[in-house]
Amino acid sequence: MSDNRRFHLAKRPEGVPSTDTFDLRDVERPRPSPGEALVRVLYLSVDPYMRDRMRAGESYADPWEVGDPLRGGAVCEVVESNGAGFEAGDTVVGNLPWAEYATADGSDLTPVDTGDLPVSTALGVLGMPGRTAYFGTREVAEPKADDWMVVSGAAGAVGSVVGQLGELQGANVVGIAGSDEKCDWLTEDLGFTAAINYKEEDVGARLDAVADGVDVYYDNVGGPVTDAVWGRLNVDARVAICGQIALYNDEELPTGPRKLGKLIETRARVEGLLVRDFSPRFREATEHLAGLVAGGDLQYRETVTEGLENAPDAFLGLFEGENVGKQVVKVADADGE
């Protein structure tokens with residue numbers, strides 16, 4: 001009998017994915033080959049970039065083929081190690097299938113040490129999203145004291161950390177999010193200077209009312225929100241392009257305002273970023289972020305969906321703005337919990 005469940009890509013979605021995009025299969029629990037560990041998945045990360053891997057064609061990440069297991073960041077407990085450098089009971093993180101059990105080469109797993117924080121934070125504020133915010137803010141956006149900094153997708157896993165890091169540099173941070181609840185969290189709990197509900201307010205008009213132009217724009221969404229911000233860039237503005245979630249489901253990219261002329265006027269710098277380019281410095285980012293959390297200078301939230309079978313709903317909810325902070329799927333409890 002099968003003793004494992006695993007999600008596979010059932011078909012390439014056209015436009016917005018649906019539950020038919022995902023195929024949950026009963027499969028056998030794998031056995032670790034030499035150098036591998038068998039792990040039990042505790043928490044699974046779902047992230048917007050995964051939508052791009054569902055389409056054919058070139059991108060910064062190789063596409064999944066139809067029938068392939070879906071993969072993402074996962075916090076796991078080692079069940080058995082076959083010379084992988086870990087012991088049973090160790091907690092590790094790696095890029096693994098959406099499954100209850102999986103095998104991985106020991107070199108592809110990293111020990112999890114989140115201190116007093118939940119191990120799930122290794123997928124959020126102390127994981128890929130937190131590191132993306134850290135390097136994107138420090139190396140690309142470079143907010144300075146008194147800058148007006150605008151963050152789209154500001155209530156998400158990356159944007160919420162970006163805004164707080166900008167505040168710590170003395171910037172005036174304006175977050176753009178999709179609900180009044182999220183906007184209240186940004187201003188009342190995280191200390192943003194202002195927040196804009198793009199679903200209820202005219203983004204451009206509100207920016208004119210609350211900010212003195214835009215010195216730094218950290219873009220997680222693209223689309224009409226970015227169009228509104230773009231016309232308000234100040235001279236020598238810095239723009240960090242981190243994500244384009246508003247466009248990921250489009251089969252053909254829409255033609256928006258022609259943006260390059262604004263760069264001549266403002267002499268603005270626009271730069272894309274991939275966190276993997278900073279992999280030699282991941283420990284630096286994690287230690288810095290952990291210190292900020294421990295000191296009360298950085299807050300985070302997680303939206304936790306229970307059960308592997310509900311991973312597609314958690315993923316699809318990202319495109320509806322249903323998550324606040326990092327979206328994770330709880331697959332199992334660690335032994336002893």
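Which residue of E12 is the bridge partner of Tyr218? In this predicted model, the bridge partner of Tyr218 in E12 is Ala240.

1. Pairing of E11 and E12. Strand E11 covers residues 214-219 and strand E12 covers residues 233-241; the two pair in the parallel sense over five bridges. Between them the chain passes through helix H6, residues 223-230, and the β-α-β crossover made in this way is right-handed. Besides the pair of Tyr218 and Ala240, Val214 has Leu233 of E12 as its bridge partner.

2. Other neighbours of these strands. E12 also pairs with strand E13, residues 269-272, in the parallel sense and over four bridges. Here Val239 stands opposite Val270 of E13. E11, for its part, pairs with E8 in the parallel sense over three bridges. Val150 has Tyr217 of E11 as its bridge partner.

3. The sheet as a whole. Six strands make up an open sheet with parallel pairing, in the order E10-E9-E8-E11-E12-E13. Strand E10 (194-197) and E13 are at the edges; each has a single partner strand, so one side of each is left without a neighbour in the sheet. On average, neighbouring strands of this sheet are turned by 15° against each other, direction ignored.

4. Burial of E11. How many of the six residues of E11 are buried? The count is six of the six, so E11 is largely enclosed by the rest of the structure.

5. Helices across the sheet. Helix H3, residues 157-168, lies across strand E8 (148-152), strand E9 (172-177) and E11, and runs at about 170° to E8. H6 lies across E8, E9, E11, E12 and E13, and its direction is at about 165° to E11.

6. Helix H3 in detail. The end C-alpha atoms of H3 are 18 Å apart; at 1.5 Å a residue its twelve residues should span 16 Å, which agrees. H3 is mostly covered, with ten of its twelve residues buried. Among the buried residues are Ala157, Val158, Val161, Val162 and Leu165, and also Gly159, Ser160 and Gln164. After H3 comes Gly170, with a positive phi near 90°.

7. Nonpolar cores. Which residues have the most contacts inside the largest nonpolar core? They are Leu186 and Tyr218, in a core of 36 residues. Helix H2 (128-141), E8, H3, E9, helix H4 (180-189), E11 and helix H8 (282-294) each supply at least two residues of this core. H2 gives the largest share, five residues. Another core, of 33 residues, lies apart from the largest one and includes Phe7, Met54, Ala84 and Val92. As background, nonpolar side chains tend to be buried together in soluble globular proteins.

8. Positive phi at Asp146. Most residues other than glycine have a negative phi. Asp146 is not a glycine, yet its phi is positive, about 75°. This residue is found in the loop between H2 and E8. The relative accessibility of Asp146 is 60%, and the cut-off for exposed is over 50%, so Asp146 counts as exposed.

9. Positive phi at Asp236. Is Asp236 found in a strand or in a loop? Its place is in strand E12. Phi of Asp236 is positive, near 65°, and this residue too is other than glycine. With a relative accessibility of 48%, Asp236 counts as partly exposed.

How values were computed. Residues numbered from 1 in each chain as written. Predicted model: local features only at pLDDT ≥ 70, side-chain atom pairs only at ≥ 80, totals over all residues. Heavy atoms only, no water. Pairing = 2+ DSSP bridges. Right-handed = clockwise from strand over helix to strand, strands pointing away. Axes fitted to C-alpha atoms, helices over the stretch in contact; angles between N-to-C directions. Contact = heavy atoms within 4.5 Å. Core = buried A, V, L, I, M, F, W, Y, C linked by side-chain atoms within 4.5 Å. Buried < 20%, exposed > 50% of the residue type's maximum accessible area, 1.4 Å probe, protein only. Expected span 1.5 Å × (residues − 1).
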